[in-house]
Amino acid sequence: MNELIGIAAAAVISWINFVIIDTWMGLPESPGVKGADAIGRSVKKRGGDLAGGFFQGNIVCSPDASAGTLLGAVGCYAIGIPEGGFIAALLVYIGNRLCADPGYAGTTGALSITIIIALTSFIGLNPAYYVVGMVIAILTIQGISHTQASILLGKIAKKMGRYTKIC
Amino acid sequence: MIIHANETYIILNYGLAIIFAIVVGLIVKLPLLPERPMRDSWTLSAVFPTAIIALGLSAIIFKMVIFDLYLGMVVAIIIGIFSALFTKFLFDHIFPKPGGGIK
């Protein structure tokens, strides 16, 4: 597969994987730690969405599905499919516990991307594409426009019934 | 990815480790699943994180250690049992809940 097309496809798949899992696991509902609360409120003050801001704050403050997806891909690239993904899931879970997080989102993200990488390897998408793709996917959430990204994340949270009740 | 005969055994071993982790977890009285809503629960259960620990440890051992005891099945069973006992008796002491919440 062409490298650029592969990276673009991997970025889209990784984005959907981590946003769906993180939203489903309730990241936009409430900040897990004080830092996530501060980020959420700062994003809202700048014209963004509070639930989306909490989402962004939570993925900064502990390894959620975004980190799980990235580390799962790195594990598969460095160690192999599926061992690398399984080892990444265990390490992400330990990281979650150290960051005061129950660890469901991160672990699910690492395991789901391992399954996705194993399945898409049949059509030529290799783990390296997912490593680059996931970096691009996180960039769209954290690196381009916090406010616009938070509004989109807020809309997804509303659709999935995970919008914050905090104001 | 092409699945060879050896890989079939590895997949079987992962399955064995997970099954033994869950069964032994239930024997030592871990709940099968955390209480609902699960995403907010800190309860250690037979499925989460015991099965995840068994899966991760199996991957580390199978990747790093050479073994041939019944094609790794004995190692997989030992890992499963160890994971359940570790989760039940040691996990909360090594990785306590926030606020020093050791049960």
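In this predicted model, B:Asn13 is buried, with a relative accessible area of 1%. The residue belongs to helix H1 of chain B, which covers residues 5–27. Leaving out residues up to four places away in sequence, B:Asn13 touches B:Phe62, B:Leu71, B:Gly72, B:Met73 and B:Ala76.

A buried position of chain A is provided by A:Ala89, for which the relative accessible area is 1%. A:Ala89 is placed in helix H5 of chain A, formed by residues 83–98. When residues up to four places away in sequence are not counted, A:Ala89 touches A:Thr107, A:Ala110 and A:Leu111 of chain A, together with B:Ile52 of chain B. A separation of 24 residues in sequence lies between A:Ala89 and A:Ile113, and their C-alpha atoms are 10 Å apart in space.

The largest nonpolar core comprises 42 residues, and the residues with the most contacts inside it are A:Phe18 and B:Phe91. The greatest contribution to this core comes from helix H2 of chain B (residues 50–64), which supplies 6 residues. Apart from this core lies another one, of 9 residues, including A:Ala73, A:Cys76, A:Ile117 and A:Leu125. With neighbours within four places in sequence set aside, the contacts of B:Phe91 are A:Tyr93 and A:Arg97 in chain A, and B:Leu44, B:Ile53 and B:Phe86 in chain B.

Chain A as a whole was then considered. The chain contains 8 helices and 0 strands, so that its elements, read from the N terminus, follow the order α-α-α-α-α-α-α-α. Its radius of gyration is 15 Å, in agreement with the value near 15 Å that a compact globule of 167 residues would have. The C-alpha trace of chain A spans about 45 × 30 × 25 Å along its principal axes. Of the 167 residues in this chain, 54% count as buried. Among contacts in chain A with a separation of 6 or more, 77% are accounted for by residues 24 or more positions apart.

Most residues other than glycine have a negative phi, and most peptide bonds are trans. In chain A, the peptide bond from A:Ile81 to A:Pro82 is cis, with omega near 0°. A:Pro82 is located in the loop between helix H4 (65–78) and H5 of chain A. In chain B, B:Arg36 and B:Pro37 are joined by a cis peptide bond, for which omega is about -10°. The loop between H1 and H2 of chain B contains B:Pro37.

Positive phi values were also found. A:Ala100, although not a glycine, has a positive phi of about 55°. This residue is situated in the loop between H5 and helix H6 (104–120) of chain A. With a relative accessible area of 29%, A:Ala100 is partly exposed. B:Lys29 likewise is not a glycine, and its phi is positive at about 70°. B:Lys29 lies in the loop between H1 and H2 of chain B. Its relative accessibility of 69% is over the 50% limit, and B:Lys29 therefore counts as exposed.

How values were computed. Residues are numbered from 1 along each chain as its sequence is written. Chains are lettered from A and ligands numbered from 1 in the order in which they are written. This is a predicted model: local features need pLDDT of at least 70, side-chain atom pairs count only at pLDDT 80 or more; totals for chains, interfaces and linings use all residues. Side-chain values use heavy atoms; hydrogens and water are left out. A nonpolar core is a set of buried Ala, Val, Leu, Ile, Met, Phe, Trp, Tyr and Cys residues joined through side-chain atoms within 4.5 Å. Buried means under 20% relative accessible area, exposed over 50%, partly exposed in between (1.4 Å probe, protein chains only). Helices (H or I, at least four residues) and strands (E, at least two) are DSSP runs, numbered from the N terminus. Contact means heavy atoms within 4.5 Å. The radius of gyration is taken over C-alpha atoms; the globule rule is 2.2 Å times the number of residues to the power 0.38.
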